[in-house]
Structure formats: C-alpha cells, structure tokens
Amino acid sequence: MQPGRPSSGLGEQEAAARLRAEGFNELPSARPRHLVSIFVDVLREPMLLLLVASGGIYLLLGDFREAVLLLGSIVLVVGITFYQHQRSERALHALRDLSSPRALVIRDGQRSRIPGREVVRGDLVVLSEGDRVPADGTLIACNDLSIDESLLTGESIPVDKVASNDGENAVSPNRDRAPSVFSGTLVVRGQGLAEVQATGVLTEMGRIGRLLGETDIEKTPLQHATARLTRSMAAGGLFTCAVVVVVYGATRSDWLTGLLVGITLAMSLLPEELPVVLTVFLALGAWRLARQRVLTRRAAVIEALGSATVLCVDKTGTLTENRMAVRKLVVEQNIVVDAGQISNEPLSTAIHDLLRLSILASETEALDPLERALVEIGQRSLPAQDSTLEGWTLVHEYALTPELLAMSHVWKPPIGPEYLVAAKGAPEAIAELCRLDANQRAAVEQGVTSLAETRLRVIAVAKAFVLGPPWPSDQRQFPFEFVGLVGLADPLRPTVPAAIQACKAAGIRVVMITGDYPTTARAIAAEAGIGPVQEVLTGAELNALDDDVLKERLRHVDVFARVVPEQKLRIVNGFKAAGAVVAMTGDGVNDAPALRAAHIGIAMGGRGTDVAREAAALVLLDDDMASIVRAVRMGRRIFDNLKKAADYILAIHIPIAGAALVPVLVQSPLLLLPAHIVFLEMIIDPACSIVFEAETEEDDIMTRPPRDPNEQLFSRASIVLSLLQGTAVLGALLAVFAFALSRGAPDAEARALAFCTLIAGNLSLLLANRSGRGSLISRRRPSAFMGWLAGGALVFLVAVLSVPALREIFRFDAPRPIDVGVALAAGVVSVLSVEVVKALRSSRR
C-alpha cells in the first residue's frame, strides 16, 4: 500500500469529483465527417460541374428532355459518392469499447462493481483470474498474479507480477515481475489489488490510440498518379473548351450555343472514366479476394500490393499462432521425445507420468496459455480416463512465489490411501524441491540447455506421495521426485515458409518486427525462411539511431526485436522514406499505428484484435499468410489490366474529342451533342473497360520483380499506339460523316452513320487492347463478358436506329441498312489498318 492511501479506497464523493475533473476512463471517439463537407467535395468534381452547366444551358434553351437526362445523371453520381464517403474509420471506437470492461473497486471500504469508464485515478481495483484490467495502475498486493499483455506487446507468454516496493513507479509492458498493470490486458492467474495511476487517454492503450488518431491513411501510388493525370487532362480540356467557345461565338455569333459546344468538348476530353474504372476494378478485385477469405476494407490498396517491395510481418499471431504448444518432452537419461509424434505411438510409462502430472499441476480451469497447452496435449495423447480429473479431489494448493518459482497441487486419488502431490515450475526451482545432487542437477541443466537452444520455454515437473494432512506450510517439505522437462513454444504457422518463399520469388523483401527477445526472433526468422539473418536490431539500438543512419541500416536488417509500437511506426515510416512500398501485417493493438501508416495494412481476422482489424486495409479471415500471396497476385493482375484499360480509354477519347472539335473548326454541322457524350462517357466506355478486369493474369506475374511505384499507367510506346488507333477511328468517322453530307443526307442521318462508325471502332479498339500488346488478333480467348458486350452494343445500335423515340433523343434519322453496314466496316478497318502497320514494323525488326 502506498503511503497516504487508506485501505478503504476513495470515498464516493472524492471519486465523483475526480470523474468530473478528469473525465471518463475511455478513449475519445473519432469525429465523423459532416454531410455538408462530403457534399462540398462532391461538387468539386469537374465532370459533375460540367454536367450541371450543360443541364442549366439546356433549361435556358427550353430543351427539358436533354436537361432531365443530364441532371438525372448528376443524382446518380452524387448518390454513389455519398455512399463511398460514408465508410468511416472505427479504430478508436474499437479501442474505446475494448478498454472499458466492468471493474470491481473498493470505495468507502466496500467492494462494488462499476462500469470501467467510471474508474478514476486513485481507485483501488480488485483483480481476479479472467478479469480485464480497467486502467493502468500499480499493484499494492498480489498472489500468484500473471497477466497476458499480448494485446499491447504482441507476445503470447503471460508475465508474472509482484507487488510494488515502496511506491515503485509504473514501467512499460512486457517486463516480467514488475508491479505495473495496464488497461485492456487479461488476468490469467492469481489475484491482485492495484491502485489506479492513469485512465483514458493517459493509459498505455490511450497512448497507442493517440498514435493511431494522428496517423493519416496513406494513399496508394496509383491513386496519386491517377489524380495527377486527371488534373492535367482536365486543365487541358478546360483550356481547349475556352478556346472553342471564343472561336464558335466569334465566327457564328451564337455565344450560348458556343458555350454548349465548349462544354461538350470539355466533357469529351475529361478522363473521368479512369477514376470510375479504377473503382470498378478494385471493387471486383475485393469481391474476388473475399471469395478467397481476404476481406478488403480499403479497396485501393489491392492494386498497391502489386508494387509492394517490403512486407513487414509481426512474429506473434502472424508468423506464429499466438498460443503455446508443447514441442519436446525430456524424461530420464535426457531422452528427448518430439511431442508431435507421441499421439501416434504407445506411451511409455515415463511419458505417461510426465503428461499426467503436468495436468495435475495446472489449474482445473486453465486460462494461462502454458497450462492450456499442457492440458491440450494431455487430452490428445492420454487415455480418456487419465486426461480428466473425474474422481480426483484437489485438497491443497501451493502458489508460485518470488522466492520459489514453482507451484504444487495436492490431490486425493479415487482409489488408495496415499495423496499425490504434482509440482511444476522453473527447472532450478523443481531441482531444489527434489533435493538433487550436483550430478543430477548437471543432467537437468543439460536437458534444459538442449531445449532452450531451440527457442523453447522450459518447465520441469515433479511428484511426491504422502499419507495425508496436516499439510506443511512450505512445499519444500514434500519428498519430491524429479519426473521430466517440458519444452513449449508458440508454433510457426504451417503455411508461413511457403508464403515467404513465394514473396521472395516475387521480389518482395520480408522483414520481421517483434517485441520478443533477439535470440527467439532469430530462431523464428530462420525457421520461417527469412534471411539468412546477419543482424538483429533491437528497440534500444534503434532509439540511438537518427533517421539518416536508420535509413542506411534498414537496407540490411531483416529482423527487429524488443520493439515497441512507436518504433514499429518509425520502422514503417523509415522504409517509406527510403522509397519502399510497405505492406505491414499484425494482429495486436500494438500493431495498429504501423498498420494504418503502411501503404498496405494487413490484419489477422481470426486471432487479431478489433483495433488491428479496424486500422488495416486488408483482413485475412483465415489468418493464412498464403492469402497475402494471393492478394499480391490479384494486385499485379489488376495493374496489368488497368494499363490495358487506360490504353483503350486514351485511344477512344481521340475520336470522341475530335468529333466534337473538328466540326467547330470547319464550321460544319455538329457531329456529337452532350447527350451522346454522356452516353459514351458514362455507359459504353466504362462497360467496355470492365471487360479488361476479366482478363487472366500473365504467366510470369509472380516471378517478376515488383513494378516501380512511380510507373505511370501510360508509357511512351502505349501513348503512341493509342494515338495512332484513336486517330484512325477519328479519320474513319469524319470520312463517313463528310461523305454522307456530300451525298445530301440530312445532318441527323449523317450523325447516325458516324455514330455507327464510332461504335464499331470502339469494339475494335477493345479487342486490339485486351492483350496489352495492341493486337487485334490474339491467341487468348475473349471472355464471355466481351461477347455479351459486343452483342449488346449492336442490339442497342439497332434499337437507336429503329425506335423513333430513341432516335429523337439522340437526334438521329434512320439511314439505309447498306449505309449502316459500310459505316460499321469503316470503324473496324480503321483499327485493323493500325494493326497491320504495327505487324509489318514488328516483322522488320
């Protein structure tokens, strides 16, 4: 008990006053964006502003049908955007819920259970097995207290606690035999009484929450590139629009129609399909990944996985299973038995006794991961009657103490007059209980060393037979016999080595970041296939490095040990500063800030905490690292197909923009109107682009290095080819339009024939770009969706030319069937001519 703190705890009035002064014991929730701010962002979209302007002009001209068509599309765009923006982050909410359990406190000398959010600084909190600690505090009394702090540290082994000595101050988590307890951690054994030192945002969990709230979500390289490209093309389009408005108004003295023509041209030049296609590709990619047990919370990162160069993985819960499991057993004469094989063989008496006594020396309702592992292997390997406690009566217990790191249980068997005493604990403590001589101790130490060298945690087991009470005050007084050693470890996930090798084959560097000790980290890294491990950098060493030196060390270090959350975040930011595209995996609260800061945050869904899942962009529902490899494959496939779609979009924009611009320059009748542009830009082109999403991946997709994160969607060669393709289609539709006018056809009929040429050229460009190499004739079989799309486009064209109401909307007259056939053929031939030229150039090389 600290000086000045009465054993009766705080008074209710004093507690209420502190609650008013310091606030509730909870983390602040994230503030959701206001609907007005979302609406303002929507109005900033250039395409939306152009649609509003066009609709307004048609209203001024009295053309209500065109106005309703354009303004109706605005409602659709606004609705979709509102839906996307409403996806809010819930990480701080998860932290707040997790950190507010019910708490048993002593106030005015009485025990009372209150909501965890009402705990205040100075409260005395009673802790028992199975409780969540409601706030950070200092232990003033405890008995055999052990706490699972993996929520904060990521380490699966619970830490033992001791009472404070003369008001000892709190220390950081994961320090064994310390007097501090931390909010959100779990009591797995024993009891304790703690005085609360910090609540809410001042706790260790609150500190992580602040880090999480201060960390921005990283946009992917493709999002940055797409935004830059869209802005550049939009600026060029608006400038051209202004020039056209001036030229049209000056030459034809019709400024209102000139404004409408300028807006039409601007709409044709804006590459608004790129964001739409990117969204559709990523949404379908998310759907495909969900079928493979990978949940996508932010779809944009799927593409970024294709350029990931560094994968930072947490050890506990990611590489390992975040549980203890028995790996080795050592019995007389240091015979070592692999625990994975004993269930398939008849048990020797020595192994049978070791497993049986391990269960008897554990709590009857085991919460400690170590004891659960002992019970699990006993139930799996022992006969049914020996793996249960039916008929046995626990009559006395001896708890583990700082002076003797061992515990004993005295049992009354179902049959016989003797009592059985089962003990387990640290090997040196069990050796003391058994009064081993020097040679026997040396043999035990040899067995312990052989297990510890393979990163196993070692406990020893002993037994004694006594006639009955009275029971001695000290367990050392029993006549114990040494039984054997048990080696336990957090097992590696079986799919991890293959997944890491697949990452290496794909050119992705795998780095392990853990709060565990360097020797354990090195052993796990070697077992998982990370390395060879030349160097392990600890958290203490990392703190001594400035950012420039750290950036240099990051080039060579693949394993980081004894790392705390701020250091994980610094490592991720260091890799980002060095130009790497960083993916980060994790499952604990301590991983959340780094998960959020990484380009791609990946959380474990099965064993991961809510906080990690909410901070991450991807969640592995099966906790399988092989799912990361599948996600990388999907990301690379998406970018490949996006390049194909981008080439197609650039090519098809040439004839659309030219059809809007050329008639203005030559003072001929208008070829395309805003309704045509809206239909092409918002329906046909995006639908055609979806075809590329269904394309299968290239054969070398997982054996080539990650793409450069600065790689653009358009390369110089692809731009040249797309310009040639688009110019050929533009030439064909202008030729058809001019020829029809020269024959004396009405403007509406000539417009219909040119539109047919544009549709045929559109479909031909689709086929030419689907292989990613500009080949109209590809050995790869077209997808079923492409067939449906081509058929649907032709059916639509027939309907537009045949149905009077549709012709009126599109301002068409019905042409002769033979003229339609010629117009369609012109569109196909225009693209085919470019392919012939390209094939001839390739053959000369």
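Helix H25 is largely enclosed by the rest of the structure, because 33 of its 41 residues are buried. This is a predicted model, so keep that in mind throughout. H25 runs over residues 626-666 and covers 61 Å from first C-alpha to last, close to the 60 Å expected at 1.5 Å a residue. Just after the helix, glutamine 667 has a positive phi of about 60 degrees.

Now the salt bridges. The count is 25. Arginine 633 sits in H25 and glutamate 697 in the loop between helix H26 and helix H27, so the pair ties together parts 64 residues apart in sequence. Glutamate 697 is partly exposed, at 28% relative accessibility, and arginine 633 is partly exposed at 34%.

Next, which residue does lysine 568 meet in a salt bridge? The partner is aspartate 314, at 3.1 Å, N to O. Lysine 568 is in helix H22 and aspartate 314 is in strand E9, 254 residues apart. Buried or exposed? Lysine 568 counts as buried, at 0% relative accessibility, and aspartate 314 counts as buried, also at 0%.

Arginine 555 and glutamate 552 form another salt bridge, with the closest N and O atoms 3.1 Å apart. Here arginine 555 is exposed, at 56%, while glutamate 552 is partly exposed, at 40%.

Terms used
Residues are numbered from 1 along each chain as its sequence is written. This is a predicted model: local features need pLDDT of at least 70, side-chain atom pairs count only at pLDDT 80 or more; totals for chains, interfaces and linings use all residues. Side-chain values use heavy atoms; hydrogens and water are left out. Helices (H or I, at least four residues) and strands (E, at least two) are DSSP runs, numbered from the N terminus. The expected span of a helix is 1.5 Å times one less than its number of residues. Buried means under 20% relative accessible area, exposed over 50%, partly exposed in between (1.4 Å probe, protein chains only). A salt bridge is a side-chain nitrogen of Lys or Arg within 4 Å of a carboxyl oxygen of Asp or Glu.
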